[in-house]
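Subject: Handover of a structure and its findings

Dear colleague,

Please find below the structure that I am handing over to you.

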Amino acid sequence: MSTKATVEKLVSLCKRRGLVFQGSEIYGGIGGFWDYGPLGVELKNNIKQAWWRAVVQERDDVVGQDAAIVMNPTVWRASGHLDTFADPMVDCKECKKRFRADDLVGAVPAGTHGHEAAAKVSRCPECGGELTEPRMFNLMFRTYVGPVEDDASTAYLRPETAQGIFVNFANVLTTTRKKLPLGIAQIGKAFRNEITPGNFIFRDREFEQMEIEYFVKPGTDEQWHQHWVEERYNWYLGLGMRKENVRVRQLDREELAHYAKDTYEVEYLFPMGWSELEGIANRTDFDLRRHAEFSGRDLTYFDEESGEHIIPYVIEPSAGVDRLLMAFLMDAYDEEEVRGETRVILRLHKDLAPIKVAVLPLSRHEKLVPPAREVWGLVRKHWMSQYDDAQSIGRRYRRQDEVGTPLCVTVDFDTLEDEAVTIRERDSMEQVRVPIAGLVAALRERLETA
Ligand code: GAP
(Lines give C-alpha, C1' and ligand atoms only; values in the text may rest on other atoms or scores of the structure.)
Protein backbone atom coordinates (compact mmCIF):
# COMPACT_ATOMS: atom_id res chain seq x y z
CA MET A 1 0.00 0.00 0.00
CA SER A 2 1.02 3.62 -0.20
CA THR A 3 2.94 4.76 2.89
CA LYS A 4 0.46 7.66 3.17
CA ALA A 5 -2.67 5.48 3.23
CA THR A 6 -4.45 4.42 6.40
CA VAL A 7 -7.78 2.65 6.69
CA GLU A 8 -9.19 5.74 8.47
CA LYS A 9 -8.15 8.08 5.63
CA LEU A 10 -9.59 5.70 3.07
CA VAL A 11 -12.92 5.29 4.88
CA SER A 12 -13.19 9.06 5.16
CA LEU A 13 -12.37 9.63 1.47
CA CYS A 14 -14.81 6.91 0.39
CA LYS A 15 -17.65 8.46 2.37
CA ARG A 16 -16.82 12.07 1.50
CA ARG A 17 -16.62 11.38 -2.23
CA GLY A 18 -19.41 8.85 -2.67
CA LEU A 19 -17.36 5.71 -3.17
CA VAL A 20 -18.52 3.53 -0.27
CA PHE A 21 -21.18 4.16 2.38
CA GLN A 22 -22.05 2.16 5.46
CA GLY A 23 -25.08 -0.01 4.61
CA SER A 24 -28.42 1.32 6.00
CA GLU A 25 -26.48 4.20 7.54
CA ILE A 26 -29.52 6.32 8.53
CA TYR A 27 -30.66 3.44 10.77
CA GLY A 28 -27.31 3.06 12.45
CA GLY A 29 -25.85 0.68 9.87
CA ILE A 30 -25.64 -3.11 9.88
CA GLY A 31 -22.33 -4.86 10.41
CA GLY A 32 -20.62 -6.31 7.36
CA PHE A 33 -22.86 -4.72 4.71
CA TRP A 34 -21.73 -1.79 2.55
CA ASP A 35 -23.27 0.33 -0.18
CA TYR A 36 -21.41 1.70 -3.19
CA GLY A 37 -22.13 5.29 -4.20
CA PRO A 38 -21.99 6.92 -7.66
CA LEU A 39 -18.19 6.75 -7.94
CA GLY A 40 -17.88 3.44 -6.07
CA VAL A 41 -20.16 1.62 -8.48
CA GLU A 42 -18.09 2.91 -11.42
CA LEU A 43 -14.86 1.70 -9.82
CA LYS A 44 -16.40 -1.67 -8.99
CA ASN A 45 -17.73 -2.07 -12.55
CA ASN A 46 -14.31 -1.18 -13.93
CA ILE A 47 -12.60 -3.84 -11.80
CA LYS A 48 -15.12 -6.44 -12.95
CA GLN A 49 -14.77 -5.38 -16.59
CA ALA A 50 -10.97 -5.53 -16.44
CA TRP A 51 -11.21 -9.05 -14.99
CA TRP A 52 -13.79 -10.24 -17.51
CA ARG A 53 -11.76 -8.81 -20.38
CA ALA A 54 -8.60 -10.59 -19.22
CA VAL A 55 -10.10 -13.98 -18.35
CA VAL A 56 -13.02 -14.34 -20.81
CA GLN A 57 -12.87 -11.86 -23.69
CA GLU A 58 -9.17 -12.20 -24.46
CA ARG A 59 -9.03 -16.01 -24.12
CA ASP A 60 -10.49 -18.76 -26.27
CA ASP A 61 -10.57 -21.36 -23.48
CA VAL A 62 -12.86 -19.58 -20.96
CA VAL A 63 -16.58 -18.80 -21.28
CA GLY A 64 -18.90 -16.93 -18.92
CA GLN A 65 -22.11 -17.74 -17.10
CA ASP A 66 -24.38 -16.32 -14.40
CA ALA A 67 -26.05 -18.77 -12.00
CA ALA A 68 -28.78 -18.14 -9.41
CA ILE A 69 -27.82 -17.15 -5.86
CA VAL A 70 -30.25 -19.59 -4.23
CA MET A 71 -29.64 -23.17 -5.25
CA ASN A 72 -31.11 -26.55 -4.45
CA PRO A 73 -29.91 -27.18 -0.84
CA THR A 74 -28.43 -30.56 -1.81
CA VAL A 75 -25.72 -28.56 -3.59
CA TRP A 76 -24.37 -27.55 -0.17
CA ARG A 77 -24.50 -31.10 1.13
CA ALA A 78 -22.52 -32.28 -1.89
CA SER A 79 -20.01 -29.43 -1.71
CA GLY A 80 -19.36 -30.05 1.99
CA HIS A 81 -20.47 -26.57 3.07
CA LEU A 82 -23.25 -27.85 5.33
CA ASP A 83 -20.77 -29.97 7.27
CA THR A 84 -17.56 -27.98 7.17
CA PHE A 85 -18.14 -24.31 6.31
CA ALA A 86 -17.85 -23.21 9.90
CA ASP A 87 -15.62 -21.01 12.05
CA PRO A 88 -14.81 -21.52 15.74
CA MET A 89 -16.57 -18.85 17.81
CA VAL A 90 -15.86 -17.84 21.42
CA ASP A 91 -17.57 -15.34 23.75
CA CYS A 92 -16.03 -13.43 26.66
CA LYS A 93 -17.88 -14.33 29.87
CA GLU A 94 -17.06 -10.87 31.32
CA CYS A 95 -17.51 -8.24 28.58
CA LYS A 96 -19.69 -10.45 26.34
CA LYS A 97 -17.62 -9.64 23.21
CA ARG A 98 -17.60 -12.29 20.49
CA PHE A 99 -14.51 -13.42 18.56
CA ARG A 100 -13.41 -15.86 15.91
CA ALA A 101 -11.13 -18.09 17.94
CA ASP A 102 -8.57 -18.52 15.17
CA ASP A 103 -8.23 -14.71 14.87
CA LEU A 104 -7.26 -14.49 18.54
CA VAL A 105 -4.37 -16.85 18.17
CA GLY A 106 -3.05 -14.65 15.40
CA ALA A 107 -1.47 -17.59 13.64
CA VAL A 108 -4.00 -17.70 10.84
CA PRO A 109 -3.91 -15.03 8.11
CA ALA A 110 -6.96 -12.77 7.93
CA GLY A 111 -9.71 -14.05 5.66
CA THR A 112 -9.08 -17.77 6.13
CA HIS A 113 -11.22 -20.20 8.06
CA GLY A 114 -9.03 -22.37 10.27
CA HIS A 115 -10.14 -24.61 13.12
CA GLU A 116 -7.13 -26.08 14.96
CA ALA A 117 -6.14 -22.87 16.68
CA ALA A 118 -9.44 -22.63 18.51
CA ALA A 119 -8.48 -24.91 21.33
CA LYS A 120 -5.50 -22.76 22.41
CA VAL A 121 -7.49 -19.62 23.20
CA SER A 122 -8.38 -18.93 26.81
CA ARG A 123 -8.49 -15.18 27.68
CA CYS A 124 -10.35 -12.23 26.17
CA PRO A 125 -7.97 -9.83 24.33
CA GLU A 126 -10.14 -6.83 25.31
CA CYS A 127 -10.63 -7.31 29.08
CA GLY A 128 -8.68 -10.45 29.98
CA GLY A 129 -11.91 -12.21 30.97
CA GLU A 130 -12.47 -15.93 30.65
CA LEU A 131 -13.65 -17.16 27.26
CA THR A 132 -16.27 -19.82 26.55
CA GLU A 133 -15.27 -23.08 24.87
CA PRO A 134 -15.10 -22.60 21.06
CA ARG A 135 -18.32 -23.57 19.26
CA MET A 136 -18.37 -24.20 15.52
CA PHE A 137 -20.65 -21.75 13.72
CA ASN A 138 -21.83 -22.38 10.14
CA LEU A 139 -21.39 -19.24 8.05
CA MET A 140 -24.19 -19.82 5.55
CA PHE A 141 -27.21 -17.51 5.68
CA ARG A 142 -30.43 -19.49 5.81
CA THR A 143 -33.74 -18.64 4.19
CA TYR A 144 -36.98 -20.39 3.18
CA VAL A 145 -38.28 -20.97 -0.31
CA GLY A 146 -42.08 -20.71 -0.59
CA PRO A 147 -44.65 -19.80 2.07
CA VAL A 148 -43.93 -22.56 4.60
CA GLU A 149 -40.97 -22.13 6.94
CA ASP A 150 -39.85 -25.65 7.76
CA ASP A 151 -36.86 -27.95 7.23
CA ALA A 152 -38.10 -29.02 3.81
CA SER A 153 -38.18 -25.43 2.53
CA THR A 154 -34.82 -24.37 3.99
CA ALA A 155 -32.39 -22.93 1.45
CA TYR A 156 -29.13 -20.97 1.67
CA LEU A 157 -27.66 -17.83 0.16
CA ARG A 158 -24.60 -19.08 -1.69
CA PRO A 159 -21.33 -18.59 0.21
CA GLU A 160 -19.34 -18.85 -3.04
CA THR A 161 -20.27 -18.59 -6.72
CA ALA A 162 -18.19 -21.68 -7.56
CA GLN A 163 -20.92 -24.28 -7.00
CA GLY A 164 -23.15 -22.58 -9.59
CA ILE A 165 -20.40 -23.37 -12.09
CA PHE A 166 -19.89 -27.01 -11.08
CA VAL A 167 -23.60 -27.81 -11.39
CA ASN A 168 -23.63 -26.30 -14.90
CA PHE A 169 -20.47 -28.01 -16.11
CA ALA A 170 -22.31 -30.52 -18.32
CA ASN A 171 -24.70 -27.84 -19.66
CA VAL A 172 -21.85 -25.55 -20.69
CA LEU A 173 -19.76 -28.36 -22.12
CA THR A 174 -22.53 -29.67 -24.38
CA THR A 175 -23.85 -26.26 -25.48
CA THR A 176 -20.43 -24.78 -26.32
CA ARG A 177 -19.00 -28.02 -27.80
CA LYS A 178 -15.66 -27.06 -26.28
CA LYS A 179 -12.81 -29.39 -25.39
CA LEU A 180 -10.64 -29.45 -22.28
CA PRO A 181 -9.02 -27.39 -20.97
CA LEU A 182 -12.16 -25.30 -20.50
CA GLY A 183 -12.76 -22.51 -17.99
CA ILE A 184 -16.12 -21.18 -16.84
CA ALA A 185 -16.06 -17.71 -15.29
CA GLN A 186 -18.66 -15.98 -13.17
CA ILE A 187 -19.06 -12.75 -11.23
CA GLY A 188 -21.70 -12.55 -8.54
CA LYS A 189 -22.75 -11.95 -4.98
CA ALA A 190 -21.78 -14.30 -2.18
CA PHE A 191 -22.92 -14.21 1.45
CA ARG A 192 -21.18 -15.34 4.62
CA ASN A 193 -22.43 -14.70 8.12
CA GLU A 194 -18.90 -13.80 9.28
CA ILE A 195 -18.48 -13.78 13.07
CA THR A 196 -16.28 -10.70 12.95
CA PRO A 197 -16.65 -8.71 9.74
CA GLY A 198 -14.25 -5.80 9.63
CA ASN A 199 -11.33 -3.82 8.32
CA PHE A 200 -13.73 -1.71 6.24
CA ILE A 201 -14.76 -3.74 3.15
CA PHE A 202 -12.06 -6.40 3.61
CA ARG A 203 -14.30 -8.91 5.35
CA ASP A 204 -18.01 -8.49 4.68
CA ARG A 205 -21.17 -10.51 5.09
CA GLU A 206 -22.33 -9.67 1.57
CA PHE A 207 -19.66 -9.36 -1.11
CA GLU A 208 -18.96 -10.11 -4.73
CA GLN A 209 -16.72 -12.81 -6.11
CA MET A 210 -15.04 -13.24 -9.48
CA GLU A 211 -14.34 -16.94 -9.93
CA ILE A 212 -13.08 -19.23 -12.67
CA GLU A 213 -13.39 -23.00 -12.55
CA TYR A 214 -10.82 -24.18 -15.08
CA PHE A 215 -11.42 -27.84 -16.01
CA VAL A 216 -8.35 -29.79 -17.13
CA LYS A 217 -7.27 -33.35 -17.75
CA PRO A 218 -5.89 -35.00 -14.61
CA GLY A 219 -2.10 -35.03 -14.86
CA THR A 220 -2.03 -31.57 -16.46
CA ASP A 221 -3.44 -29.89 -13.35
CA GLU A 222 -0.14 -28.84 -11.78
CA GLN A 223 1.08 -27.16 -14.94
CA TRP A 224 -2.23 -25.27 -15.35
CA HIS A 225 -2.11 -24.30 -11.69
CA GLN A 226 1.24 -22.56 -12.27
CA HIS A 227 -0.18 -20.91 -15.40
CA TRP A 228 -3.06 -19.36 -13.46
CA VAL A 229 -0.89 -18.23 -10.55
CA GLU A 230 1.31 -16.30 -13.00
CA GLU A 231 -1.64 -14.94 -14.97
CA ARG A 232 -3.43 -13.68 -11.93
CA TYR A 233 -0.36 -12.15 -10.27
CA ASN A 234 0.51 -10.31 -13.50
CA TRP A 235 -3.08 -9.03 -13.80
CA TYR A 236 -2.64 -7.05 -10.57
CA LEU A 237 0.68 -5.60 -11.70
CA GLY A 238 -0.80 -4.77 -15.12
CA LEU A 239 -3.43 -2.68 -13.37
CA GLY A 240 -0.74 -0.68 -11.65
CA MET A 241 -0.48 -2.37 -8.27
CA ARG A 242 2.98 -1.78 -6.82
CA LYS A 243 5.15 -4.87 -6.97
CA GLU A 244 6.39 -4.44 -3.40
CA ASN A 245 2.79 -4.65 -2.15
CA VAL A 246 1.70 -7.86 -3.90
CA ARG A 247 3.07 -11.33 -3.34
CA VAL A 248 2.20 -14.95 -4.02
CA ARG A 249 2.26 -17.39 -1.12
CA GLN A 250 1.83 -21.14 -1.26
CA LEU A 251 -0.35 -22.33 1.62
CA ASP A 252 0.95 -24.85 4.14
CA ARG A 253 -0.74 -28.25 4.20
CA GLU A 254 -2.69 -27.45 7.37
CA GLU A 255 -4.12 -24.27 5.80
CA LEU A 256 -5.68 -26.08 2.82
CA ALA A 257 -9.46 -26.32 2.44
CA HIS A 258 -10.97 -29.82 2.56
CA TYR A 259 -11.20 -29.97 -1.25
CA ALA A 260 -7.76 -28.65 -2.15
CA LYS A 261 -4.60 -30.50 -3.18
CA ASP A 262 -2.58 -27.28 -3.31
CA THR A 263 -3.41 -23.56 -3.03
CA TYR A 264 -1.60 -20.29 -3.69
CA GLU A 265 -2.79 -16.93 -2.50
CA VAL A 266 -2.19 -13.57 -4.10
CA GLU A 267 -1.71 -11.38 -1.05
CA TYR A 268 -1.66 -7.62 -0.57
CA LEU A 269 0.20 -5.66 2.07
CA PHE A 270 -2.75 -4.02 3.86
CA PRO A 271 -2.22 -1.91 7.02
CA MET A 272 -3.18 -5.02 9.03
CA GLY A 273 -0.43 -7.04 7.30
CA TRP A 274 -0.22 -9.38 4.30
CA SER A 275 -3.75 -10.62 3.59
CA GLU A 276 -5.47 -12.69 0.91
CA LEU A 277 -6.80 -10.96 -2.19
CA GLU A 278 -7.35 -14.08 -4.22
CA GLY A 279 -7.01 -17.83 -3.76
CA ILE A 280 -5.86 -20.06 -6.61
CA ALA A 281 -6.68 -23.62 -5.63
CA ASN A 282 -6.25 -27.03 -7.22
CA ARG A 283 -9.65 -28.52 -6.29
CA THR A 284 -8.87 -31.84 -8.02
CA ASP A 285 -12.01 -33.73 -9.13
CA PHE A 286 -13.60 -33.29 -5.69
CA ASP A 287 -16.58 -31.16 -6.72
CA LEU A 288 -17.57 -32.92 -9.94
CA ARG A 289 -17.24 -36.30 -8.24
CA ARG A 290 -19.43 -35.19 -5.32
CA HIS A 291 -22.08 -33.60 -7.54
CA ALA A 292 -22.17 -36.72 -9.75
CA GLU A 293 -22.65 -38.81 -6.61
CA PHE A 294 -25.38 -36.62 -5.06
CA SER A 295 -27.28 -35.84 -8.30
CA GLY A 296 -26.92 -39.22 -9.97
CA ARG A 297 -25.91 -37.45 -13.19
CA ASP A 298 -22.97 -38.32 -15.40
CA LEU A 299 -20.48 -35.46 -15.09
CA THR A 300 -17.63 -37.15 -16.91
CA TYR A 301 -15.88 -35.87 -20.02
CA PHE A 302 -15.15 -38.10 -23.00
CA ASP A 303 -11.48 -37.77 -23.79
CA GLU A 304 -11.07 -38.55 -27.49
CA GLU A 305 -7.32 -38.97 -27.16
CA SER A 306 -7.49 -41.83 -24.67
CA GLY A 307 -10.99 -43.01 -25.63
CA GLU A 308 -11.96 -42.86 -21.93
CA HIS A 309 -14.48 -41.04 -19.80
CA ILE A 310 -12.63 -38.96 -17.21
CA ILE A 311 -13.57 -36.64 -14.37
CA PRO A 312 -11.70 -33.37 -14.98
CA TYR A 313 -9.55 -31.73 -12.35
CA VAL A 314 -10.24 -28.08 -11.53
CA ILE A 315 -7.99 -25.06 -11.03
CA GLU A 316 -9.91 -22.26 -9.33
CA PRO A 317 -8.75 -18.63 -9.29
CA SER A 318 -11.19 -16.92 -6.89
CA ALA A 319 -11.08 -13.21 -6.03
CA GLY A 320 -13.31 -10.85 -4.04
CA VAL A 321 -14.32 -7.64 -5.81
CA ASP A 322 -14.76 -5.60 -2.62
CA ARG A 323 -11.41 -6.68 -1.23
CA LEU A 324 -9.69 -5.86 -4.52
CA LEU A 325 -11.39 -2.49 -4.61
CA MET A 326 -9.99 -1.72 -1.17
CA ALA A 327 -6.51 -2.85 -2.21
CA PHE A 328 -6.55 -0.80 -5.42
CA LEU A 329 -7.61 2.27 -3.43
CA MET A 330 -4.96 1.69 -0.75
CA ASP A 331 -2.31 1.29 -3.40
CA ALA A 332 -3.37 4.36 -5.38
CA TYR A 333 -3.73 6.71 -2.42
CA ASP A 334 -1.07 9.41 -2.24
CA GLU A 335 -0.50 12.82 -0.75
CA GLU A 336 1.98 15.41 -1.98
CA GLU A 337 2.85 19.03 -1.25
CA VAL A 338 1.90 21.40 -4.06
CA ARG A 339 2.51 25.12 -3.54
CA GLY A 340 2.25 24.78 0.24
CA GLU A 341 -0.92 22.68 0.14
CA THR A 342 -1.47 18.96 0.49
CA ARG A 343 -2.76 17.39 -2.70
CA VAL A 344 -4.62 14.09 -2.09
CA ILE A 345 -4.47 11.97 -5.18
CA LEU A 346 -5.65 8.53 -6.23
CA ARG A 347 -3.09 7.30 -8.75
CA LEU A 348 -5.57 4.74 -10.11
CA HIS A 349 -4.85 2.96 -13.38
CA LYS A 350 -6.81 4.71 -16.15
CA ASP A 351 -8.89 1.57 -16.78
CA LEU A 352 -10.06 1.59 -13.16
CA ALA A 353 -10.63 5.32 -12.61
CA PRO A 354 -14.37 5.94 -11.99
CA ILE A 355 -14.36 9.14 -14.05
CA LYS A 356 -12.04 9.25 -17.06
CA VAL A 357 -12.44 12.90 -18.06
CA ALA A 358 -13.70 16.01 -16.25
CA VAL A 359 -14.78 19.00 -18.32
CA LEU A 360 -14.18 22.26 -16.48
CA PRO A 361 -15.09 25.71 -17.76
CA LEU A 362 -12.70 28.25 -16.28
CA SER A 363 -15.69 30.04 -14.73
CA ARG A 364 -19.46 30.22 -15.03
CA HIS A 365 -19.16 33.21 -17.36
CA GLU A 366 -22.05 33.13 -19.85
CA LYS A 367 -19.69 33.08 -22.83
CA LEU A 368 -17.91 29.94 -21.57
CA VAL A 369 -20.96 27.81 -20.84
CA PRO A 370 -22.01 26.98 -24.46
CA PRO A 371 -18.54 25.84 -25.67
CA ALA A 372 -17.93 23.95 -22.41
CA ARG A 373 -21.26 22.11 -22.73
CA GLU A 374 -20.43 21.36 -26.35
CA VAL A 375 -17.07 19.89 -25.36
CA TRP A 376 -18.75 17.78 -22.68
CA GLY A 377 -21.22 16.55 -25.31
CA LEU A 378 -18.28 15.31 -27.40
CA VAL A 379 -16.55 13.58 -24.50
CA ARG A 380 -19.47 11.90 -22.70
CA LYS A 381 -20.35 9.77 -25.72
CA HIS A 382 -17.05 7.95 -25.31
CA TRP A 383 -16.15 7.95 -21.62
CA MET A 384 -17.61 8.28 -18.14
CA SER A 385 -17.15 11.99 -17.56
CA GLN A 386 -18.19 14.84 -15.31
CA TYR A 387 -18.96 18.49 -15.88
CA ASP A 388 -17.94 20.64 -12.93
CA ASP A 389 -18.20 24.40 -12.73
CA ALA A 390 -18.44 24.95 -8.97
CA GLN A 391 -15.63 26.86 -7.14
CA SER A 392 -12.17 27.83 -8.35
CA ILE A 393 -10.41 25.85 -11.07
CA GLY A 394 -7.66 24.87 -8.59
CA ARG A 395 -10.19 23.33 -6.19
CA ARG A 396 -11.89 21.51 -9.04
CA TYR A 397 -8.57 19.97 -10.12
CA ARG A 398 -8.01 18.82 -6.52
CA ARG A 399 -11.49 17.28 -6.38
CA GLN A 400 -10.78 15.28 -9.52
CA ASP A 401 -7.29 14.26 -8.30
CA GLU A 402 -8.83 12.95 -5.09
CA VAL A 403 -11.05 10.49 -6.99
CA GLY A 404 -8.39 9.54 -9.52
CA THR A 405 -9.70 11.25 -12.70
CA PRO A 406 -6.80 10.86 -15.17
CA LEU A 407 -7.64 13.85 -17.39
CA CYS A 408 -9.29 17.25 -17.02
CA VAL A 409 -10.28 19.37 -20.02
CA THR A 410 -10.42 23.10 -19.36
CA VAL A 411 -12.40 25.53 -21.48
CA ASP A 412 -11.18 29.13 -21.10
CA PHE A 413 -11.54 32.52 -22.78
CA ASP A 414 -8.87 31.65 -25.37
CA THR A 415 -11.16 28.81 -26.49
CA LEU A 416 -13.52 31.44 -27.88
CA GLU A 417 -10.72 32.62 -30.18
CA ASP A 418 -8.64 29.55 -31.00
CA GLU A 419 -11.25 26.75 -30.67
CA ALA A 420 -8.80 24.80 -28.54
CA VAL A 421 -8.89 23.47 -24.96
CA THR A 422 -6.32 22.45 -22.34
CA ILE A 423 -5.85 18.81 -21.31
CA ARG A 424 -4.39 18.52 -17.82
CA GLU A 425 -2.89 15.21 -16.72
CA ARG A 426 -3.53 14.02 -13.14
CA ASP A 427 -0.15 12.63 -12.03
CA SER A 428 2.27 15.04 -13.72
CA MET A 429 -0.17 18.00 -13.72
CA GLU A 430 1.21 18.76 -17.21
CA GLN A 431 -1.03 20.76 -19.51
CA VAL A 432 -1.26 20.67 -23.31
CA ARG A 433 -3.38 22.69 -25.65
CA VAL A 434 -5.33 20.76 -28.32
CA PRO A 435 -7.86 21.85 -30.95
CA ILE A 436 -11.44 20.84 -30.09
CA ALA A 437 -11.61 19.11 -33.47
CA GLY A 438 -8.83 16.74 -32.34
CA LEU A 439 -9.90 16.41 -28.69
CA VAL A 440 -11.52 12.96 -28.83
CA ALA A 441 -8.48 11.53 -30.64
CA ALA A 442 -6.11 13.15 -28.12
CA LEU A 443 -8.09 11.75 -25.18
CA ARG A 444 -8.30 8.32 -26.80
CA GLU A 445 -4.53 8.24 -27.23
CA ARG A 446 -4.08 8.95 -23.51
CA LEU A 447 -6.88 6.71 -22.20
CA GLU A 448 -6.90 3.74 -24.49
CA THR A 449 -3.31 2.99 -25.41
CA ALA A 450 -1.43 0.59 -23.14
N1 GAP B 1 -14.61 -20.71 -4.14
C2 GAP B 1 -13.49 -20.56 -3.29
C3 GAP B 1 -13.67 -19.53 -2.29
O4 GAP B 1 -14.74 -18.99 -2.12
P5 GAP B 1 -12.38 -18.18 -0.45
O6 GAP B 1 -10.90 -18.07 -0.20
O7 GAP B 1 -13.25 -18.50 0.70
O8 GAP B 1 -12.52 -19.25 -1.61
C9 GAP B 1 -12.30 -16.36 -2.32
O10 GAP B 1 -12.87 -16.82 -1.12
C11 GAP B 1 -12.12 -14.85 -2.27
O12 GAP B 1 -13.35 -14.21 -1.93
C13 GAP B 1 -11.13 -14.37 -1.20
O14 GAP B 1 -9.82 -14.41 -1.69
C15 GAP B 1 -11.59 -12.96 -0.95
O16 GAP B 1 -11.07 -12.07 -1.92
C17 GAP B 1 -13.10 -13.07 -1.15
N18 GAP B 1 -13.78 -13.20 0.15
C19 GAP B 1 -13.97 -14.31 0.87
N20 GAP B 1 -14.65 -14.04 2.01
C21 GAP B 1 -14.89 -12.72 2.00
C22 GAP B 1 -15.56 -11.82 2.89
N23 GAP B 1 -16.15 -12.24 4.00
N24 GAP B 1 -15.60 -10.51 2.55
C25 GAP B 1 -15.04 -10.04 1.40
N26 GAP B 1 -14.41 -10.85 0.53
C27 GAP B 1 -14.33 -12.17 0.81
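Two strands are said to pair here if DSSP finds at least two bridges between them. Strands of a sheet pair through backbone hydrogen bonds, either parallel or antiparallel. Please keep in mind throughout that the model is a predicted one.

I begin with an open sheet of 7 strands, whose order is 3-9-10-16-13-12-11 and whose pairing is mixed. At its edges stand strand 3 (62-64) and strand 11 (246-250); each has a single partner strand, so one side of each is left without a neighbour in the sheet. On average, neighbouring strands of this sheet are turned by 25° against each other, direction ignored.

Strand 11 is joined to strand 12 (residues 262-270) by 5 bridges, and the two run antiparallel. Within this pairing, Val-246 has Tyr-268 of strand 12 as its bridge partner.

Two helices that pack on this sheet may be described here. Helix 8 (residues 221-238) touches strand 3, strand 10 (206-216), strand 11, strand 12, strand 13 (273-284) and strand 16 (313-320). The direction of helix 8 makes about 150° with that of strand 13. Helix 10 (residues 321-332) also packs on the sheet, where it touches strand 10, strand 12, strand 13 and strand 16. Its direction makes about 40° with that of strand 12.

The ligand and its surroundings

The model contains a ligand surrounded by 21 residues, of which the closest are Glu-160, Arg-192, Glu-211, Glu-276 and Leu-277. Strand 10, strand 13 and strand 16 each supply at least two residues of the shell, and the largest share, 5 residues, comes from strand 13.

- Glu-276 has a polar side-chain atom 2.6 Å from an oxygen atom of the ligand.
- Glu-194 places a polar side-chain atom 2.8 Å from a nitrogen atom of the ligand.
- Glu-316 has an N or O atom in its side chain that is 2.9 Å from a nitrogen atom of the ligand.

Taken alone, the ligand exposes 550 Å², and the protein buries 93% of that area.

Strand 4 (residues 86-91) pairs with strand 6 over 4 bridges in the antiparallel sense, and Ala-86 stands opposite Asn-138 in strand 6.

Strand 22 (residues 420-425) and strand 23 (residues 431-435) form an antiparallel pair over 5 bridges. In this pair, Thr-422 has Arg-433 of strand 23 as its bridge partner. The two strands form a hairpin with 5 residues between them, and Met-429 in the turn has a positive phi of about 65°.

Backbone details in two loops

Where does Pro-181 lie? It is found in the loop between helix 7 (169-176) and strand 9 (182-191). The peptide bond that joins Leu-180 and Pro-181 is cis, with omega about 0°.

The loop between strand 9 and strand 10 holds Asn-199. The phi of Asn-199 is near 55°, a positive value in a residue other than glycine.

With kind regards

Notes:
Residues are numbered from 1 along each chain as its sequence is written. This is a predicted model: local features need pLDDT of at least 70, side-chain atom pairs count only at pLDDT 80 or more; totals for chains, interfaces and linings use all residues. Side-chain values use heavy atoms; hydrogens and water are left out. Axes are lines fitted to C-alpha atoms, for helices over the stretch in contact, and angles run from 0 to 180 degrees between N-to-C directions. Contact means heavy atoms within 4.5 Å. A residue is near a molecule or strand if one of its heavy atoms lies within 4 Å of it. A polar contact is a pair of N or O atoms within 3.5 Å; within protein, one must be able to donate a hydrogen and the other to accept it, and residues adjacent in sequence count only if both atoms are side-chain atoms. Accessible areas come from the Shrake-Rupley method with a 1.4 Å probe; for residues, only the protein chains shown count as cover.
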